[in-house]
Amino acid sequence: MNALIKYFSVSVWQFYCIILSGFLIQCAGFTNLVMPPKNDIGLGAQMDAQIRNSPKEYPILNDANSRQYLQNMINKVLQSPEIKYKSMFPYKVEIIKDDKTVNAFCTPGGYIYVYTGLIKMLDNEASLAGVIGHEIAHAELRHSANRIVKAYGLQLAVEIALGNNPGRTAEVAANMFSGLALLKNSRNDESDADDYSFKYLQSTNWYPGAISYFFEKVKGQGGGAIESLLSTHPLPQDRLDTVSKRVKDARIPPPNESTLSSKSYLEFKKRLL
Ligand SMILES: [Zn+2]
């Protein structure tokens with residue numbers, strides 16, 4: 001009888017633990033607790049290494065000037081007081097030479113990749129700054145890390161955080177890399193990233209609503225060019241509507257050449273190898 005009571009009390013305790021950990025995993029801030037932000041750097045570095053080792057899929061453009069142009073843009077966005085991890089995350093950019101792909105993505109820890117297809121489609125610097133701000137927001141808000149904790153559970157997150165099982169970290173990085181599966185963002189993540197991109201750009205000279213030009217361009221396109229983009233960045237009409245509302249609510253003045261920087265951007269595009 002005693003053994004039976006003991007068995008049930010252990011089972012009830014296990015049941016409570018499962019419910020509690022399930023509940024905690026859903027809580028904001030839980031990821032920071034079990035997997036501190038510095039762990040994103042190692043994951044990002046591993047993904048970065050895999051991207052560099054896959055030149056067929058990710059041909060990196062060998063053009064130091066163009067890369068520096070984008071890096072300067074990123075550094076301007078990082079000046080925003082809303083950016084928490086600018087001194088922790090590397091925030092490096094590479095350009096992928098693929099005119100047919102209209103996309104950009106960011107690994108945990110801030111390794112940012114921008115496709116030439118995206119650069120060439122846009123007409124002004126402010127639009128690209130909006131997309132870059134959006135990618136930075138995914139890293140800052142730790143969207144991939146949140147998904148790792150949810151997908152792999154508490155134990156693995158703690159193993160990664162403790163750093164005592166490098167094989168498991170590599171395994172997670174490889175899984176994230178394969179098809180960029182863990183870079184696929186939910187609608188909420190997308191909406192948050194748009195929101196923060198807007199806030200970041202408010203600290204710059206760029207028109208913070210310019211990501212809407214990018215949305216408009218995407219709407220006007222079709223076929224394979226945006227397939228990859230839509231697989232990692234769902235684009236419902238409400239994202240466009242929300243940007244218009246943010247512009248209105250923040251009383252942002254209409255854009256002009258100074259806040260869009262289209263002339264210097266066109267020069268940059270001409271120089272792009
Ligand atoms: Zn996104």
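This is a predicted model: local features need pLDDT of at least 70, side-chain atom pairs count only at pLDDT 80 or more; totals for chains, interfaces and linings use all residues.
Reader: How is the packing of two helices described in general?

Author: A pair of packed helices is described by two quantities, the angle between the axes and the distance between them. Here, α4, which covers residues 64-77, and α6, which covers residues 125-140, pack at an angle of about 65 degrees, and their axes lie 10 Å apart.

Reader: Which residues of α4 and α6 meet?

Author: From α4 come Tyr69, Leu70, Met73, Ile74 and Val77, and these meet Glu125, Leu128, Ala129, Ile132, Gly133 and Ile136 of α6. Sorted by class, this contact of α4 with α6 holds nine nonpolar residues, together with one polar and one charged residue.

Reader: With which side chain does the side chain of histidine 138 make a polar contact?

Author: The partner is the side chain of histidine 134, and the distance of this polar contact is 3.1 Å.

Reader: Where is serine 144 placed, and why does serine 144 count as buried?

Author: Serine 144 belongs to helix α7, which covers residues 143-162, and serine 144 is buried because its relative accessible area is 8%.

Reader: How many residues apart in sequence are serine 144 and aspartate 40?

Author: Serine 144 and aspartate 40 are 104 residues apart in sequence, while in space their C-alpha atoms are 8.8 Å apart.

Key: Residues are numbered from 1 along each chain as its sequence is written. Side-chain values use heavy atoms; hydrogens and water are left out. Helices (H or I, at least four residues) and strands (E, at least two) are DSSP runs, numbered from the N terminus. Buried means under 20% relative accessible area, exposed over 50%, partly exposed in between (1.4 Å probe, protein chains only). Axes are lines fitted to C-alpha atoms, for helices over the stretch in contact, and angles run from 0 to 180 degrees between N-to-C directions. Contact means heavy atoms within 4.5 Å. Ala, Val, Leu, Ile, Met, Phe, Trp, Tyr, Cys and Pro count as nonpolar, Asp, Glu, Lys and Arg as charged, and the others, Gly among them, as polar. A polar contact is a pair of N or O atoms within 3.5 Å; within protein, one must be able to donate a hydrogen and the other to accept it, and residues adjacent in sequence count only if both atoms are side-chain atoms.
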